[in-house]
Amino acid sequence: MAKYKIVLNRRGVRQLLRSKEMKNICAERAFAAQNRLGEGYEVQYYTEKTRAVAEIRATTHQAVAENFRGNTILKALK
């Protein structure tokens with residue numbers, strides 16, 4: 001059996017994680033989850049120092065309680 005060694009191009013991976021395409025992918029998944037969740041949730045997406053980030057937050061009291069009881073944000077991402 002042959003042995004292979006994979007060496008990642010760190011600069012390329014860093015660029016990929018911060019790219020506009022990755023930001024769009026994250027935002028797309030977050031908005032899809034928001035649609036499954038319904039009212040009371042908001043999405044923010046931006047690029048941090050090391051990677052693209054998308055956040056889903058419960059903004060109303062009802063949504064916060066619903067997420068606390070059933071972990072609905074995490075379930076909507078599956």
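Modeller: The face of helix 2 turned away from its buried side carries Glu21, Glu28, Arg29, Asn35 and Arg36, which are exposed (over 50% relative accessible area, with buried meaning under 20% and partly exposed in between, for a 1.4 Å probe and protein chains only). This is a predicted model, in which local features need pLDDT of at least 70 and side-chain atom pairs count only at pLDDT 80 or more, whereas totals for chains, interfaces and linings use all residues. Residues are numbered from 1 along each chain as its sequence is written, and side-chain values use heavy atoms, with hydrogens and water left out.

Helix 2 has 18 residues and reaches 25 Å from its first C-alpha to its last, close to the 26 Å expected at 1.5 Å a residue (that is, 1.5 Å times one less than the number of residues); helices are DSSP runs of H or I with at least four residues, strands are runs of E with at least two, and both are numbered from the N terminus. Buried in helix 2 are Ala27, Ala30, Ala33, Gln34 and Leu37. These residues cover an arc of only 125° around the axis, so they lie on the same side of helix 2, the arc being that of the directions from the helix axis to the C-beta atoms.

By the rule that rings of Phe, Tyr and Trp (its six-membered ring) pair if their centres lie within 6.5 Å, with planes under 30 degrees apart stacked, over 60 edge-to-face and the rest tilted, the count comes to one aromatic pair. The rings of Phe31 and Tyr45 have their centres 5.9 Å apart and their planes at 80°, so this pair is edge-to-face. The pair links distant parts of the chain, since Phe31 is in helix 2 (residues 20-37) and Tyr45 in strand 1 (residues 41-47), 14 residues apart. Phe31, at 33% relative accessibility, counts as partly exposed, and Tyr45, at 38%, counts as partly exposed too.
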